[in-house]
Amino acid sequence: GRGMLTLHHLNNSRSQRILWLLEELGVEYKIEFYQRDSKTNLAPDSLRAVHPLGRSPVLTTPHGAIAESGAIVEYLVRHHATDAFSVPQDPEALQQYWFWLHFAEGSLMPPLVANLVLEKARQKGSKPFFIKPITNKLIDGILNAYYGPNLAQSLRYVESYLSKNTWFAGDAPSGADVQMIFPLESLVASGRAKDFTAIQGYVKRVHAREAYKAALEKGGEYAYA
C-alpha cells in the first residue's frame, strides 16, 4: 500500500545504518536490494529510477522518495519514534544530537572518503611503474597536509567524548548514533581505530544490540561488522 516504507538498500553501504534504525523502531518496511558493480564498486543504474542521484540509501515513503542518510534518519525519527530513538528532550543532549547528526557526514566522512579514493588512485597510478614514485609523493603530500591531520583531530575528539559518554546524545541511543556508527565501524574494520579503545568499545556496544543483528541478517553482505 501507499503507507508502506521501502528501503532501497545497497550492499556494503550507508544504507545498513538505516536498516538498523528501522529495526530499532519496529516499523513495517520492505527492502529492495541493489548490488554494487563488481568491477567499479559503483551503485547500479537501476537506483536512478528511484531517485535521480542514483545513490543509496533511498527511502520511499507515502510522501515520495527521500535520499541522504541524515534526512532519512530525521524523517523516521519524526514519524515513527516512540520513546526509543526519539529526539532528546534535555537541551544539552539535544545540542549534542544536532552536532553528531551533522558531524558524521559533514566532518568525519569527507577525509575517510578522500583516503579511500586516494588509496585507489595510488593502486591505479602504480602502472606504468615509472609514474609510481610521483603518484605516491603526490598522494602522501595531500594526505599528510590535509586529510590525515583532519581525520586524526576528529578521531581524538570522538574518542574523548566516548570515553565519557555511552551514547552520542543522552543516556540512550538516538539518530545521532545511527549516523555515527557507519564511519566508526568502517574505521574499526580497517584497523585505523586500533589506538582508540572508547571507539572500539562503542562499536561493540552497537553491534551487540538485537536490532543491529536483525538488520545485518536482513541486509546481507556488509564489510564493516
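**Burial and overall build**

I started with burial: 43% of the 225 residues in the chain are buried (under 20% relative accessible area, 1.4 Å probe, protein chains only). The model is predicted, so local features need pLDDT of at least 70 and side-chain atom pairs pLDDT 80 or more, while totals for chains, interfaces and linings use all residues. Residues are numbered from 1 along each chain, and side-chain values use heavy atoms, without hydrogens and water.

I looked up the surface next. The chain exposes about 12,100 Å² (Shrake-Rupley method, 1.4 Å probe). Carbon and sulfur atoms supply 55% of that area.

I then checked the dimensions. The C-alpha trace spans about 60 × 45 × 25 Å along its principal axes.

**Elements**

I found 7 helices and 4 strands (DSSP runs: H or I, at least four residues; E, at least two). From the N terminus they run β-α-β-β-β-α-α-α-α-α-α.

**Helix 1 and helix 5**

I looked up how helix 1 (residues 15-25) packs on helix 5 (residues 175-189): the angle is about 145°, and the axes are 9 Å apart (lines fitted to C-alpha atoms over the stretch in contact; angles from 0 to 180 degrees between N-to-C directions).

Notes
Buried means under 20% relative accessible area, exposed over 50%, partly exposed in between (1.4 Å probe, protein chains only).
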